[in-house]
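This briefing covers aromatic ring pairs and charges placed over rings.

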Amino acid sequence: MLKLLVMSDTHGDAEVIKRVRDQHKNVDAIIHCGDSELPFDHPYLENVKKVRGNCDHDTRFPEEEVFEIGGLTIFVAHGHLLNVKSTTMNLLYRSKEVGADVAFFGHSHLLGAELVDNVLFVNPGSLLKPRGIADKSYVVVDFESGKWTVTGYTDKGNELFTKVFELEE
């Protein structure tokens, strides 16, 4: 089983990154979808797959990340360059271009997950300024036997929801 910890839009709150990481030590990868507003080499971002958001000034952050883990291709972008606040079509097209199995993004601060054309799209919400819900949020995403499980959590580690998405043959 593959287990991914995904967060976004922490906007300078380094301690929430540490707290979330400490709650989920047993993961295969940690992903930050941008707007950390921390230096690229901040200790709490060590060994994190991370991208540059529109509020990140450190140019060492890449605009996007594409990597493989557990036989899956992971695409990470903040979303501002793909206009995700207006449409997710650009994100879908870019995900298809890079052959992604899953796309993680932020920017809108809206927590959500959906499966489109067998690509899982996940926005972990914001750990500082959520929109659409009262709770600050992040997600843990599991993949096993053709099935994605997305679990949303509050910044305090309380479960908000679990959604299961089965890939179509």
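Buried means under 20% relative accessible area, exposed over 50%, and partly exposed in between, with a 1.4 Å probe and protein chains only. The model is predicted: local features need pLDDT of at least 70, side-chain atom pairs count only at pLDDT 80 or more, and totals for chains, interfaces and linings use all residues. Residues are numbered from 1 along each chain as its sequence is written, and side-chain values use heavy atoms, with hydrogens and water left out.

**Aromatic pairs**
- Rings of Phe, Tyr and Trp (its six-membered ring) pair if their centres lie within 6.5 Å; planes under 30 degrees apart count as stacked, over 60 as edge-to-face and the rest as tilted.
- The count by this rule is 3 aromatic pairs.
- F40 and F61 are edge-to-face because their ring centres are 5.2 Å apart and their planes stand at 80°.
- This pair links distant parts of the chain, 21 residues apart: F40 is in the loop between β2 (29–32) and β3 (48–50), and F61 in the loop between β3 and β4 (64–69). Strands (E, at least two residues) are DSSP runs, numbered from the N terminus.
- F61 is buried, at 4% relative accessibility, while F40 is partly exposed at 25%.
- Y138 and Y153 are stacked, at 5.4 Å centre to centre and 15° between the planes.
- Y138 belongs to strand β9 (residues 137–144) and Y153 to strand β10 (residues 147–154), 15 residues apart. Both tyrosines, Y138 and Y153, are buried.

**Charges over rings**
- A charge sits over a ring if NZ of Lys or CZ of Arg is within 6 Å of the ring centre and within 35 degrees of the ring normal.
- K50 has its charged end over the ring of F40, 4.2 Å from the centre.
- K49 lies over the face of F67, 4.8 Å from the ring centre.

How values were computed. Helices (H or I, at least four residues) and strands (E, at least two) are DSSP runs, numbered from the N terminus.
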